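Morning, everyone. Please look at the model on the screen, and I'll walk you through it.

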Amino acid sequence: MQENIPLKELINLNGKGAIITGGAMGLGLAISRRLAEAGAKVLIADLNASEARNASAELNSLGYDTKFIECNVSREEDVKEMISDAAKIIGSIDILVNNAGIYPRKPLEEMTGKDFEQVISVNLMGTFLCSRYAIKEMIEKQQGGCIINIASIGAVHPSSTGMSAYDASKGGVLMLTKSMAQEVGSHGIRVNAIAPGVVKTRGVLSQTGASQDRTQLRELKSFISRIALGRMGDADDIARVVLFLASDLSCYVTGDLIVADGGYLVS
Ligand SMILES: NC(=O)c1ccc[n+]([C@@H]2O[C@H](COP(=O)([O-])OP(=O)(O)OC[C@H]3O[C@@H](n4cnc5c(N)ncnc54)[C@H](O)[C@@H]3O)[C@@H](O)[C@H]2O)c1
């Protein structure tokens, strides 16, 4: 362990390749921006190809080095192809951020097995598939690596009515994170998770926007009133934590969960 590395070097991601799933918007876009700013070559892997193209073009217009690829993280064939293409497009896979996720709301009595399965297949299976194929590349390259899973505070505390599939998927992501960390640590691969609270993204706003019912708005207001820091999160609040976990600032951190919720869980 070298102790005299300058701080600037510790967060320098020059020469690193990073895949951000669901990077076309919301948290994923903010994460893509911060990692690109730190010097990484970023590949945005998203189901929505046109949003991903726009996101990559926007970041490249700021002088960053990003590419995009269409991928449905819940489909094994898609993921296999994406990881194999990624190694060619960004040179190497040093960082994987499993951010793609969905959070449809449905009360238990209305939720079908298919509804439940869909959430699990994107949020949990998608995290597993991307990690499994990326880890194979990382082990072959023998240069270590870093995986960051975007979980949720729903992984450690139930969110609200209608979110049982989501909470179950994120609880699974948390334990998968710990399990993978102990399994691949000997290869120099670190695996960590982040639990965001409520963050203003298009996905969240579409659920809580004016067109939604009053109960949901009331729930949101009461949620915000319990946030110690007194505000909802911004996507960049989470992207900064990702940068910490992706960089050598956190070189001795693995199998861990960082809660970034403005103090909601402690209130
Ligand atoms: N926004 C929040 O308040 C919040 C809180 C806790 C956790 N999270 C987690 O953060 C992540 C991002 O959330 P967000 O609010 O930015 O979401 P968002 O809906 O704004 O964006 C999600 C992105 O993921 C992509 N995506 C969806 N399904 C996909 C699939 N099968 N394959 C590939 N890409 C797919 C979408 O096209 C979109 O670009 C999710 O995992 C979510 O559970 C968000």
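This is a predicted model: local features need pLDDT of at least 70, side-chain atom pairs count only at pLDDT 80 or more; totals for chains, interfaces and linings use all residues.

The chain's secondary structure comes to 9 helices and 7 strands. How compact is the chain? Its radius of gyration is 18 Å, close to the 18 Å that the globule rule gives for 267 residues, so the chain is as compact as a globular protein of that length. The C-alpha atoms fill a box of roughly 50 × 40 × 40 Å along the principal axes. Of the 267 residues, 45% count as buried. Now contacts. Take those with a separation of 6 or more: 74% come from residues 24 or more positions apart.

Helix α6 runs over residues 164–184. Its 21 residues should span 30 Å at 1.5 Å a residue, and its end C-alpha atoms are 30 Å apart, which agrees. Which residues of α6 are buried? Among them are A165, Y166, D167, V173, L176 and M180.

Last, the domains. Domain 1 covers 7–197 + 234–259, and domain 2 covers 199–232. Their C-alpha centres lie 24 Å apart. Where they touch, 12 residues of domain 1 are in contact with 8 residues of domain 2. On the domain 1 side, α2 (26–37) and α9 (235–246) each give two or more residues. Helix α9 gives the most, with 3 residues. That side divides into 6 nonpolar, 3 polar and 3 charged residues.

Conventions. Residues are numbered from 1 along each chain as its sequence is written. Helices (H or I, at least four residues) and strands (E, at least two) are DSSP runs, numbered from the N terminus. The radius of gyration is taken over C-alpha atoms; the globule rule is 2.2 Å times the number of residues to the power 0.38. A residue is buried if 20 or more other C-beta atoms lie within 10 Å of its own, exposed if 12 or fewer, and partly exposed in between; C-beta atoms are placed from the backbone. Two residues are in contact if their C-beta atoms, placed from the backbone, lie within 7 Å. The expected span of a helix is 1.5 Å times one less than its number of residues. Domain bounds come from an automatic or database domain assignment. Ala, Val, Leu, Ile, Met, Phe, Trp, Tyr, Cys and Pro count as nonpolar, Asp, Glu, Lys and Arg as charged, and the others, Gly among them, as polar.
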